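Student: I have a chain on my screen and I want to learn how to read it. Can we go through it feature by feature?

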Amino acid sequence: MTVTPRLRVTGHYAGVISRAASAVLDVVIVLVSYTAIAAGIDMLARAITGESLLGELSGPAPLLALAVWAFLYTATGLTIAGRTPGKGIVGLRVVAADGSTLSGRRALWRTLALPVSALPAGLGFLGILVQREHRALHDLITNTAVVYDWGDRVAELPGPLSAFLARSAGAEYTARPPSTEQR
Amino acid sequence: MKGNQAQQHKGRLGRFAGAVTGRVVETIDPDTVIDHVDIDRLLERVDVNELLDRVDIDALLERVDIDVLLDRVDVNRLLDRVDIDRLADRVDVNRFLARVDVDAVLENVDLEAAIRRAGVPEIVAESTGRVAGSALDLARRQIVGLDVVVDRVLNRILRRDPAQQPLGPPKLVAERLP
């Protein structure tokens with residue numbers, strides 16, 4: 001009985017499920033950290049002034065603060081590591097369209113362009129589903145792409161799926177030798 | 001009368017013996033006398049226990065210079081004569097260990113330092129990290145698998161040839177083999 005090796009996908013375009021999972025994680029992390037920071041600041045304000053800071057805040061200020069926090073969270077992550085914490089957990093990395101490392105300026109532009117995909121009812125994200133390279137509108141605008149990257153370890157498909165693809169899909173997902181793979 | 005005569009006789013004999021004994025002792029060869037002594041018979045008459053009772057052991061030991069005695073001992077020669085295997089066979093290790101107060105011994109041991117020196121924290125951290133990494137990779141694999149399944153379904157719906165789909169950016173993925 002021969003064992004089919006797991007197909008390697010390091011550097012391949014990330015699909016819609018991975019990107020959705022990383023987005024959900026990022027949203028959760030941003031909201032939880034924002035709430036914790038806001039509660040901390042409020043506690044500090046109460047200790048110093050005796051009055052709640054959050055009670056006085058109304059209108060667009062909290063939303064603006066959340067947007068600034070989300071921007072800082074995303075831009076910092078992309079600039080330093082090419083990935084947000086959510087993308088890091090799922091094993092994704094943002095790169096330039098040709099595969100080169102994301103520059104700081106491009107990371108900043110990509111973060112600013114993110115709302116462009118979200119604002120028209122999220123239609124900009126449809127590109128991840130239907131575009132050949134799984135690139136959303138903000139990816140196309142800033143000439144970036146999202147790929148699988150598990151850091152030191154090789155990104156792989158599950159064994160059974162690898163075996164199925166090896167039987168039915170031929171060379172479609174055939175792994176290349178590790179020595180020829182580039183980061 | 002008779003008593004006086006006997007005393008005079010003894011006095012004469014004594015003087016004679018005193019005059020002769022010195023000359024005889026000077027004349028006789030001591031070796032000749034020793035040759036005539038039956039040592040075994042002599043020793044049989046010696047009461048060894050009574051002799052030992054009269055020996056003051058403490059005084060004797062005080063006069064012994066232990067350092068000089070030890071200097072004269074050839075330790076290597078002594079050890080050569082010791083049968084280590086036989087000695088080891090006679091040692092009851094279990095009985096010996098039963099007498100060891102392990103708690104008292106461990107009280108004096110810096111276990112934390114010993115564990116640190118042995119690199120146990122690094123091993124634990126490494127294995128924990130490896131297990132966490134394996135669990136994370138397992139979850140990631142399932143997500144990538146779902147990506148592939150969704151991709152294949154969409155390709156079929158959109159009537160796209162999977163073989164023509166780009167795998168990744170050119171710098172990260174080599175050209176597809178024909």
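Tutor: Start with the record. UniProt, in an unreviewed entry, places the feature "transmembrane region" at residues 20-41, 53-72 and 107-130 of chain A. UniProt positions follow the numbering used here, feature names are shortened, and annotations may be inferred rather than shown by experiment. This is a predicted model, where local features need pLDDT of at least 70, side-chain atom pairs count only at pLDDT 80 or more, and totals for chains, interfaces and linings use all residues. Residues are numbered from 1 along each chain as its sequence is written, chains are lettered from A and ligands numbered from 1 in the order in which they are written, and side-chain values use heavy atoms, with hydrogens and water left out.

Student: How much helix is in residues 20-41 of chain A?

Tutor: Helices (H or I, at least four residues) and strands (E, at least two) are DSSP runs, numbered from the N terminus. Residues 20-41 of chain A are 100% helix and 0% strand, with end C-alpha atoms 31 Å apart. Residues 107-130 of chain A are 71% helix, and their end C-alpha atoms lie 24 Å apart.

Student: How many helices and strands does chain A have?

Tutor: Eight helices and two strands.

Student: How do I find empty space?

Tutor: Rolling a probe the size of a water molecule over the atoms shows where empty space is left. On a 1 Å grid over the protein atoms alone, a pocket is an open set of points where a 1.4 Å probe fits, with protein on both sides within 12 Å along at least five of seven lines; lining residues have an atom within 4 Å of a point. Grid points are joined across faces, edges and corners, and a volume is the space filled by probe spheres set on the points. Here the largest pocket holds about 710 Å³. Its lining has 27 residues; A:Ala23, A:Val27, A:Thr74, A:Leu114 and A:Phe125 are the closest to its centre.

Student: Which helix gives the most to that lining?

Tutor: α1(A), with ten residues.

Student: Is A:Thr142 buried or exposed?

Tutor: Buried means under 20% relative accessible area, exposed over 50%, partly exposed in between (1.4 Å probe, protein chains only). A:Thr142 has 8% relative accessibility, so it counts as buried. A:Thr142 lies in helix α7 (residues 137-142) of chain A.

Student: What does A:Thr142 touch?

Tutor: Contact means heavy atoms within 4.5 Å. Not counting residues up to four places away in sequence, A:Thr142 touches A:Arg106, A:Trp109, A:Arg110 and A:Ala113.
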